[in-house]
Amino acid sequence: MNLGRIAALLTLACWSIAPAHADAVADFYHDKTVTLVSAGEAGGAHGTYAQLIVQHIKKHIPGNPNVVIQYMLGAGGNLAPNHLYNVAPKDGTFIGLPLQDLIFNARIGVQAVKYDAAKAHYLGGADVTRTTVSVMKASGILTLEDARQKEVLMGATGRSGQTYIIPVVLNAMLGTKFRVVTGYSGINLIHLAMERGEIHGSAASWPTIAAAKKPWVEKGLIANLITIAMEREPDLPDVPALAELVTKPEDRALIPLLAGSAALGRAWIAFGDVPPERLAALRMAWDKTMADPAFRADAQARGLALHPVPWQTQDKLAAQILATPDATVARLKDMLGLK
């Protein structure tokens, strides 16, 4: 048999197998419900993105299953991934919308983490969520230098996650005087406390603020002091990035660990031994949703930024964070008072 005929037979075999896999996935998802377990609250930007994507992604999953959201806040954003890893089925009917700290928290050994981050499978992300330190101008704090001179009260959910970690690290790196007030159950309550004057600011992703607190931006009520990234936030070209201000080599080594999670924000994941053909179908459904003109139009109408991140990029970033040298992790843990 010549090589041309062999190639033709192999091609034919692939064509016959692919529809079989597609039919098997469609048969599995038909009449089923896919549950998205969200670590973010319903009324915040995290919830807003989730609600919109759920409306559109179901038509791109073979078998057109129903897709619902289960909000599971707590443990600094770790309760949801803990549930996915330890309790939820691993058959492709339970997927997750974690906070961007999923891999970061695991690498630095946050006590609340009860999952193996290396077994997270990214489906894709909707946006890049660079953390920005923002304060109400009514506090009198307008610049990073002001935050070096005066105490600034910062709201946080707990002792893990960006709202806590970033202010504490900036105190160690840049000599700021952030005092973190923990105990808020979500970003909405942190924002409410800022409006009431109970606290001055927070460390949160800029897209979260821009989407959830648009009047603050339009009325010029907030001052953005710094973006935690290697480069400036495109929407905030006058706000310095952390990489511009840090000079010590041992501090610069921390930036990829602190900033790398930005491209993992607004990401959907699966955990564990999900059948490969179902995982591939979910990733394909994500890609189709991000490119769907109806979805993009709805996102624009709601003022939601879209900068999709492919799962391959996210898997690579996750691996890089998990590979952070022990000495770098130990230094960060020392800053945070973690053992």
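Reply: What follows takes the terms one by one and sets values from this structure against their definitions. The model is a predicted one, in which local features need pLDDT of at least 70 and side-chain atom pairs count only at pLDDT 80 or more, while totals for chains, interfaces and linings use all residues. Residues are numbered from 1 along each chain as its sequence is written, and side-chain values use heavy atoms, with hydrogens and water left out.

Me: What makes a space a pocket, and what is the volume of the largest pocket?

Reply: On a 1 Å grid over the protein atoms alone, a pocket is an open set of points with protein on both sides within 12 Å along at least five of seven lines, whereas a cavity is a set of points where a 1.4 Å probe fits but cannot get out; lining residues have an atom within 4 Å of a point. Grid points are joined across faces, edges and corners, and the volume is the space filled by probe spheres set on the points.

Me: What is known of the second largest pocket?

Reply: The second largest pocket has a volume of about 280 Å³. Of its 17 lining residues, M230, P256, A259, G260 and L317 are the closest to the centre. Two or more residues come from each of α12 (255-259) and α15 (311-322), and α12 gives the most, with 4 residues. The lining divides into 12 nonpolar, 3 polar and 2 charged residues.

Me: How many cavities of 30 Å³ or more does the structure hold, and what lines the largest?

Reply: There are 2 cavities of 30 Å³ or more. The largest cavity, with a volume of about 40 Å³, is lined by G76, G77, N78, P81, P98, L99, D101, L102, N105 and Y115. About 30 Å³ of space lies in the second largest cavity, whose lining is made of L84, A88, P89, K90, F94, F271 and V274.

Me: Why are α6 and α16 called roughly perpendicular?

Reply: Axes are lines fitted to C-alpha atoms, for helices over the stretch in contact, and angles run from 0 to 180 degrees between N-to-C directions. Angles under 35 degrees count as roughly parallel, over 145 as roughly antiparallel, 65 to 115 as roughly perpendicular and the rest as oblique. Helix α6 packs against α16 (residues 326-336) at about 95°, with the axes 9 Å apart, and the pair is therefore roughly perpendicular. The contact (heavy atoms within 4.5 Å) joins Y164, I165, V168, V169, A172 and M173 of α6 to L332, M335 and L336 of α16.

Me: How do you know that α2 and α13 are placed in a roughly perpendicular way?

Reply: The axes of α2 and α13 come within 10 Å and cross at roughly 105°, which makes α2 roughly perpendicular to α13. In α2, the residues I53, H56 and I57 meet A285, W286, T289 and M290 in α13.

Me: What makes D292 and K59 a salt bridge?

Reply: A salt bridge is a side-chain nitrogen of Lys or Arg within 4 Å of a carboxyl oxygen of Asp or Glu. The side chains of D292 and K59 meet with 3.1 Å from N to O, and that is a salt bridge. D292 lies in the loop between α13 (276-291) and α14 (293-301), and K59 in the loop between α2 and β2 (66-71), 233 residues apart. By this rule the count comes to 11 salt bridges.

Methods. Nonpolar A, V, L, I, M, F, W, Y, C, P; charged D, E, K, R; others polar.
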